[in-house]
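I opened this notebook to keep track of what I looked up, one topic at a time.

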Amino acid sequence: MAARTMATLRMTGKPHIAVIGAGAFGGWTALYLLRGGARVTLLDAWGPGNSRASSGGETRIIRGAYGPDQPYTRLAARALDLWKQHEAQWNRKFFFPIGVLWMAEADDTFERGSLPFLKDAGIPFEQLTVNELARRWPQISFANVEWGIYEPQSGYLLARASTQAVVDQFVAEGGEYRQSTVAEQDLEGGEWKGLQLSQGSTSNASTSDASTIVADRYVFACGPWLGKLFPHTVGPHFVSTKQDVFFFGTPAGDPRYNEGNVPVWADHSDHFMYGIPGNQERGFKVADDTRGPEFDPTSGQRLVSEDGLAATRRYLAYRFPGMKDAPLVETRVCQYENTTDHNFIVDRHPGKANVWIVGGGSGHGFKHGPALGEMVARLVLKDETADPWYRLARFKRE
Ligand SMILES: Cc1cc2nc3c(=O)[nH]c(=O)nc-3n(C[C@H](O)[C@H](O)[C@H](O)COP(=O)(O)OP(=O)(O)OC[C@H]3O[C@@H](n4cnc5c(N)ncnc54)[C@H](O)[C@@H]3O)c2cc1C
């Protein structure tokens with residue numbers, strides 16, 4: 001054990017852990033590290049759920065269907081329990097169980113493969129024929145759909161609001177939060193004595209001066225910025241992509257496209273479209289899950305593409321005919337922080353045993369926040385090794 005670690009443990013009996021990034025992954029990890037007995041400092045450059053962060057949108061889907069051969073259905077089931085527990089404890093509402101509908105076409109590998117995993121994880125679901133789908137949701141055209149999965153107890157989460165609430169709770173439980181940036185530095189090279197921070201600390205922390213932080217362990221949960229911070233270890237296996245999201249206005253006084261009448265939906269046609277009705281009164285949300293062009297999360301201009309809008313309008317007329325002429329009421333540009341296999345990264349840096357890298361949400365990470373934070377805290381505090389799904393070694397096989 002390093003001399004400083006020994007010194008910190010002698011003084012406080014607790015390891016000091018710095019978590020960099022207060023998004024869905026870092027915020028929940030910091031909270032669980034704190035509850036696990038560590039002294040935790042959480043840093044974020046622009047604040048939890050900021051406009052550049054992947055966790056910064058209004059809403060995110062929580063669902064159990066994940067296709068065959070994956071660890072995520074169980075993780076989502078655990079996350080769902082934890083979201084509900086925290087809502088009750090904090091007397092806040094983040095989870096809206098309006099149901100999630102999966103539309104399966106001729107190639108239904110994803111949907112068929114999901115069924116045993118849903119069963120195993122205890123996530124309630126129904127298998128519906130296309131006639132049953134049409135009877136239940138007459139406002140949707142099920143052209144080319146062969147059958148569906150309906151998860152009646154899944155739904156959507158408030159993203160930005162819950163990300164901020166997690167950090168508020170972290171501070172209320174005794175954690176230290178600073179709005180501060182880990183400056184560009186060589187994190188992968190030789191020994192470092194601590195992290196250099198840029199100006200802008202908002203706390204009176206006594207742990208270190210304003211320009212460095214020295215901790216026993218470091219958890220980097222920097223979402224789409226991870227590839228730049230770790231250009232050798234993460235960079236070659238990582239890309240941040242621009243994702244356009246469209247919000248359409250429903251007909252005045254017509255409740256057919258509101259939550260309660262339409263569930264969250266996911267459509268595996270020639271490409272993967274999804275949406276959230278109602279969406280906290282922000283319009284009928286529609287997005288294409290196809291990966292967009294590479295995107296810089298710091299300096300990228302967040303303007304949706306005209307082509308994307310035209311394609312989304314065509315899709316809307318095809319699948320939701322009553323929304324054919326709906327006006328566009330809002331847009332949003334976010335980015336997916338993709339690994340090459342779309343699995344998360346939860347692992348130690350190969351050259352630094354006290355540095356953990358946590359991220360690679362790849363367009364599906366948000367829902368897992370509490371379950372992932374719980375898992376990462378256990379691994380970091382007990383010095384255990386992550387499941388092979390999440391380890392960096394998998395990239396060597398590419
Ligand atoms: C359009 C869109 C739709 C999505 N839909 C869903 C969905 O329906 N369901 C779902 O589960 N997931 C969904 N996702 C994915 C999910 O939102 C992300 O996987 C998740 O939010 C990633 O969280 P994160 O904490 O890893 O990253 P982020 O939220 O980006 O957090 C990283 C944080 O690190 C900070 N940071 C970066 N660099 C530094 C530095 N040098 N110093 C200090 N701080 C730094 C940033 O400010 C940021 O706050 C979607 C994503 C997008 C873009």
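Before reading any sheet I noted the rule that two strands count as paired if DSSP finds at least two bridges between them. I also noted that this is a predicted model.

**Entry 1, a pair of strands.** I looked up strand 13, residues 238–248, and found that eleven bridges join it to strand 17, the two running antiparallel. Within this pairing, I saw that Phe 247 stands opposite Glu 330 of strand 17.

I then followed the open sheet of eight strands, whose order reads 6-7-5-14-15-16-13-17 and whose pairing is mixed. Which strands lie at its edges? I found strand 6 (126–129) and strand 17 there, each pairing on one side only. When direction is ignored, neighbouring strands of this sheet are turned against each other by 20° on average.

Helix 8, residues 306–319, runs at about 55° to strand 13 and lies across several strands, including strand 15 (272–276), strand 16 (284–288) and strand 17.

I turned to another open sheet, in which three strands follow the order 3-8-4 with antiparallel pairing. Strand 3 and strand 4 (95–96) are at its edges with a single partner strand each, so one side of each has no neighbour in the sheet. Strand 3 is joined to strand 8, residues 155–158, by four bridges in the antiparallel sense, and I found Tyr 156 of strand 8 to be the bridge partner of Ile 61. Helix 6, residues 159–172, lies across strand 3 and strand 8 and runs at about 50° to strand 8.

How many residues surround the ligand? I read 36, and the closest are Asp 44, Ser 55, Ile 61, Cys 334 and Glu 337. The shell divides into 18 nonpolar, 14 polar and four charged residues, and its largest share, four residues, comes from strand 17. Looking at polar side-chain atoms, I found one of Ser 55 at 2.5 Å from an oxygen atom of the ligand, one of Asp 44 at 2.6 Å from a ligand oxygen, and one of Lys 367 at 2.8 Å from a ligand oxygen. Taken alone the ligand exposes 1,000 Å², of which the protein buries 97%.

Conventions. Residues numbered from 1 in each chain as written. Predicted model: local features only at pLDDT ≥ 70, side-chain atom pairs only at ≥ 80, totals over all residues. Heavy atoms only, no water. Near = heavy atom within 4 Å. Polar contact = N/O pair within 3.5 Å; in protein donor to acceptor, adjacent residues only side chain to side chain. Areas by Shrake-Rupley, 256 points an atom, 1.4 Å probe, with all protein chains shown as cover. Nonpolar A, V, L, I, M, F, W, Y, C, P; charged D, E, K, R; others polar. Axes fitted to C-alpha atoms, helices over the stretch in contact; angles between N-to-C directions. Contact = heavy atoms within 4.5 Å.
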